[in-house]
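Good morning, everyone, and thank you for making the time. I would like to go through one structure chain by chain, and I will ask you to keep the display open while I talk.

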Amino acid sequence: MDTREAPIPVGTTVMMERTGETMEEMYVNMGPQHPSTHGVLRLMLKLDGEVMTDCIPYVGYLHRCHEKIAENRTYPQVVPYTDRLDYLASMSMNFGYVVAVERLMGQKVPERAEHMRVILAELQRIASHLLWLGTFGLDLGNFTIFIYCFREREMILDLFEAVSGQRLNYSFYRIGGMAFDFPDGWLDNCRAFLEWFKPRIPEYDALVTDNILFQKRLQGVGVLDAKRVVDWGLSGPMLRASGISYDLRRNDPYSIYDRFDFVVPVFDTCDVWARFLVRRQEMLESVKIIEQALDQLPAGEITAKMPKTIKPPAGQVYARTESPRGELGFYLVSDGSPKPYRYKVRSPAFCNLSALPEMMKGYLVADAVAILGSVDIVLGEIDR
Amino acid sequence: MTIQLGIFYILAVFTVWAAAVVVLGKNIVRAAVALIFTFCGMAALYVLLDAEFLAAVQVLIYVGGITILLLFAIMLTSRISSATARVINDQVVLSAIAAAGILVGLIYAAMRGIPALSGPPRLPETTPFLGRALLTTYALPFEVASILLLAGMVGAIILARKE
Amino acid sequence: MITFARLSEQFYALTAQWGIPWIVPTLVVMGIVVGVIVAYIAVAAMFLIWWERKISAHIQVRFGPMRVGGWHGWAQSIADGIKLLLKEDIIPARADKVVFVLAPMVVFAASLATYVTIPWAPGLIVKDLNIGLLYMVAISSLTVVGIVMAGWSSNNKYATLGAMRSAAQAVSYEVPLVLSLLGPVMLAGTMSMGQLVEAQGGTWFGFLPGWFVFPQAVAFLVYFVCALAECNRLPFDIPEAESELVAGFHVEYSGMRFAIFFLAEYANMVVVAAIATTLFLGGWRGPWLPIPGLPAEVSRGLFSLVWFQVKVYFLIFVMMWLRWTLNRLRVDQLMDFAWKILLPIAFANLIITGLVVTIWK
């Protein structure tokens, strides 16, 4: 983040500044409390009339010393903290973490548990994208899509509550497997949900995707071409919206993703519209993956036999998984003790957000909300 | 005292008071708001003179357009709310003489009764009359005014464009 | 013919007979008229607020108000109104008090004044001005002034920007609005609201009712879109949007003052729908049956009253439907749409209508 311009004190709402012979430039503050910043994010927009010339994100309002805390917890005790990273995709956060620890330990996970992991992670992807779609539409003024998306999300949350007891921060994945097995009837409910969900996407299409007003707001906005996307280290839908076909589930498979047949949606207009289409298509692809996983679900144990204290051998690992927001990386350094020596989270939203100033430059301030929405940030993960 | 005369006096006092606020007011924004009331008062006086079309157009154009423009200009000027307008300036003596002279002339004209100013013909509807007049007898001034407006618009756009 | 004009004239004559000075019956009639209109606006606004919540709820697969008052929460608006009345009246510290207080009054007064020329039923207009339509459009432009005053006097940068946006939007959309209204005016040959309805008697091709929407469908659509913009309704609600960067011109208003803005917005919606109904949908025209026991004129009047309301509220329903389905336009797209699309269409409609009217007559 550009801190050169930090002299503007927190709490200033607006400053009019005459910069020599150039036109009047104005700073407008968005947040940290704002309906559209999706969390406690403060954006300082430098405006020249209606055009944004710079955008300075101020993060850290939600910093909770996550990484330092983890150094003082045993490996299993870190799992609930990972939930609170990206609290809208807790299952994916858990997934990333346990994959990292298991890789460090060389631990194999039973088949049933692997399938469970994929099912829940993909359901979580759908839920996260639904929330994103709802709030994105809400920011643009479409209230109805918000309610529709949350209706489906509630069904997923009901499924999650049945399996884990929690609606938001599940702490469901364990090192070596899962916490509990599916309760009775859960699999049928899951299939019923998928059947209900498949015709929903055409319903959303009728409301937003095919709506010319919606398209006009998003097309050609927030463009970041393929080269810049790679330079900035973006990942996830941001990457795939700029024509780069890279999905960790396909390019660097973890767990059992290499067994499933799904398409990685890629669009190449590099704008907010492409990111919208990528996430929309990803929901449909996740449905396919879940169905295949449900079909292939074997019987068996849901957790491997784990020692009482988990003490990975000394060493380090960087394990990356595809969270709904992009490449989620966990870097763990173990010194042989039950607590991690160093624990670092590579947050996809943080890296995606760092490209925001470049994405905002030159667009109208009315587009700020759309561009920020397309990055799909969650402050819990950005600030840790 | 007929109804018309009573209403006329009320409206006249209102309009003159609003105009006085415009001219003598120290706060520019208050002056602009008073200008709105002045224009509305004038529109009402037009109605009394049976020029109802003119009254409606006065409200539509002057209040709905020109005062908005004025307010925009005021609001876009920085630090204008703290600036106070000078009510009295160096030319106060000359302008007082000129204003008094015009007032005397108007009173004289009103009392003498200039033939050209003796009451308009009472038309049942002025709108068709105005329309026909603008497009036949007064077509040339009408077109010239349109061209003037066009020139103004083009000039404004060119001035406002950033190179 | 029983008309409001004749009734009031008879009333004046009666009081003159009894020797009461002219000012008394004038004020009495004015008082009654204002009272009835304000009561109508209050009830209509309360109903519309409740209705909007119900419509939005059903579009969003919810129920909306269900409890307050029993059946489907019909008393919800009353409860909201009482709540707003009881709220603290906050005026920002460095706001310009006079203008701040005046702004909602200007907006409401402008909305109120347009009710004078609405033809509710045959003969039931407060005053059938011969420039009725022009008068309504002119007075509606006063709401813009009120909005700008509100935004400025709030001493809030965002409110000022929101007010200016709103003013720019309103002024831009006024032009195609007026042009689209000129089509039916040319067809009827008059700007008087009462006579515009009279001119829509008869039929097109023998079976379609003689409304102006059929020859002037394009003008109707242009008018409807401009009307949405004038009322600051989605997709043109940038001035009121909370999720956009600028909050809106009424952000500093609370309690009763905010309620007046709100009321004025719904009153405006009714006016705008009433103009559309009068000019395009035949006003109060509709089939009627004589009610036994009442003179034919009165039963026709009652049916016409109902038909007018049905048409007006149908149009308002469409407005609400659009609000909860569509998303917002960006500010520059909004302006583009008004100046580059609606205006040429309105002009074309005007020219073609003018040619057709001249050739046919």
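Let me begin with a term: a residue is called buried when its relative accessible area is under 20%, exposed when it is over 50%, and partly exposed in between, with a 1.4 Å probe and protein chains only. By that criterion, buried residues make up 23% of the 163 residues in chain B.

Before going further, this is a predicted model, in which local features need pLDDT of at least 70 and side-chain atom pairs count only at pLDDT 80 or more, while totals for chains, interfaces and linings use all residues. Residues are numbered from 1 along each chain as its sequence is written, chains are lettered from A and ligands numbered from 1 in the order in which they are written, and side-chain values use heavy atoms, with hydrogens and water left out.

Staying with chain B, it has six helices and zero strands, where helices (H or I, at least four residues) and strands (E, at least two) are DSSP runs numbered from the N terminus. Of the chain B contacts with a separation of 6 or more, 59% join residues 24 or more positions apart, a contact being heavy atoms within 4.5 Å.

Now to chain C, which has eleven helices and two strands, in the order α-α-α-α-α-α-α-β-β-α-α-α-α from the N terminus. Its radius of gyration, taken over C-alpha atoms, is 22 Å, close to the 21 Å that the globule rule gives for 361 residues, so chain C is as compact as a globular protein of that length; the rule itself is 2.2 Å times the number of residues to the power 0.38. Buried residues make up 54% of chain C, and its C-alpha trace spans about 55 × 55 × 45 Å along the principal axes.

For chain A, how high is the mean pLDDT? It is 88, and 93% of the residues reach 70 or more, pLDDT being the predictor's confidence in each residue, from 0 to 100. Over residues 1-23 of chain A, however, the pLDDT is below 50, although this stretch has 41 contacts in the model beyond near neighbours in sequence. Where pLDDT is low, the predicted coordinates should not be read in detail.

Leaving aside neighbours within four places in sequence, its contacts include A:Val79, A:Asp83 and A:Tyr170.
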